[in-house]
Amino acid sequence: MGRDSTGVITQSGANQIKISALKKGGLFNAENKLLSGTISWENGAILNFQYRNEEGKKSIRFQYCHTDYKGNKSNMDYTVQIVSVPSNLGKGENLYFLCPVSYKRCKAIFMAYGSTKFKRRSAYQTRIYYMTQKRSHHDRHLYRYFDLEDQLKEIYTKGYKETYKGKQTRVAHRVKMLEIKKQHYNNLRLSLFIERFGYLLDKK
């Protein structure tokens with residue numbers, strides 16, 4: 001792994017491993033009982049992993065060399081359990097990491113702020129920021145609006161069922177919440193625009 005970085009770290013700036021990325025790469029295919037590979041990042045960090053699926057119990061073993069900001073090296077070797085939760089649609093499953101520090105489920109694990117292990121975002125005492133949290137007050141609303149718009153566009157492109165057996169699906173509920181948030185941030189960005197540039201409108 002590369003050296004630890006200093007200062008405030010954003011979610012995109014930390015080394016992270018996502019369940020969705022592993023699933024997209026085919027790691028959890030039914031025929032995969034034992035699989036080895038590597039994960040690398042743009043900053044040069046790299047780790048080796050071994051995925052096991054024995055009698056339905058999934059886990060992934062990480063092996064890498066961690067280097068702290070002083071140049072001290074530690075050889076890391078530990079296993080992260082992967083838990084399965086039945087889909088609310090009654091078909092398939094949802095997979096989660098079991099954080100090796102907090103032992104709570106999560107969809108992504110991160111390495112930041114000198115941690116030698118990957119762990120869930122909330123397990124850090126120092127916050128791992130979203131990019132929108134580092135932007136100015138006005139820009140934060142603007143970028144949040146467009147981020148929500150992109151999320152909705154991706155869902156609409158793929159398509160989804162609004163109901164299943166007479167009940168609203170989880171995706172449909174998420175779309176509803178995203179649309180409400182999008183309208184909220186749209187109202188905020190328009191209010192801030194008027195507050196900042198309203199004098200130009202008065203001159204017309």
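Reply: What follows goes from the core to the strand pairing and then to the cysteines. The model is a predicted one, and every value below is computed from it.

The largest nonpolar core has 30 residues. Those with the most contacts inside it are Ile17, Leu47, Ile60, Phe62, Phe97 and Phe118. Two or more residues each come from helix H1 (19-24) and from strands S3 (46-54), S4 (57-67), S5 (73-86), S6 (93-98) and S8 (108-111). Another core, of five residues, lies apart from this one and includes Leu148, Ile155, Val175 and Leu178.

Among the contributing strands, S4 and S5 run antiparallel and are joined by 10 bridges. Ser59 stands opposite Gln81 in S5. The hairpin of S4 and S5 has five residues between the strands, and Gly71 in this hairpin takes a positive phi near 95 degrees. S5 also pairs with S6, again in the antiparallel sense, over five bridges. In that pairing Val85 stands opposite Asn94 in S6.

The cysteines remain. Cys99 is buried, with a relative accessible area of 0%, and Cys106 is buried as well, at 8%. A disulfide is a covalent bond between the sulfur atoms of two cysteines. The cut-off applied here is 2.5 Å between the sulfur atoms. The closest cysteine sulfur to that of Cys99 is in Cys106, 5.6 Å away, so the two are too far apart for a bond. Taken from Cys106, the closest cysteine sulfur is that of Cys99, again at 5.6 Å. The count of disulfides by this rule is zero.

Note on methods:
Residues numbered from 1 in each chain as written. Predicted model: local features only at pLDDT ≥ 70, side-chain atom pairs only at ≥ 80, totals over all residues. Heavy atoms only, no water. Core = buried A, V, L, I, M, F, W, Y, C linked by side-chain atoms within 4.5 Å. Buried < 20%, exposed > 50% of the residue type's maximum accessible area, 1.4 Å probe, protein only. Helix = DSSP H or I, 4+ residues; strand = E, 2+ residues; numbered from the N terminus. Pairing = 2+ DSSP bridges.
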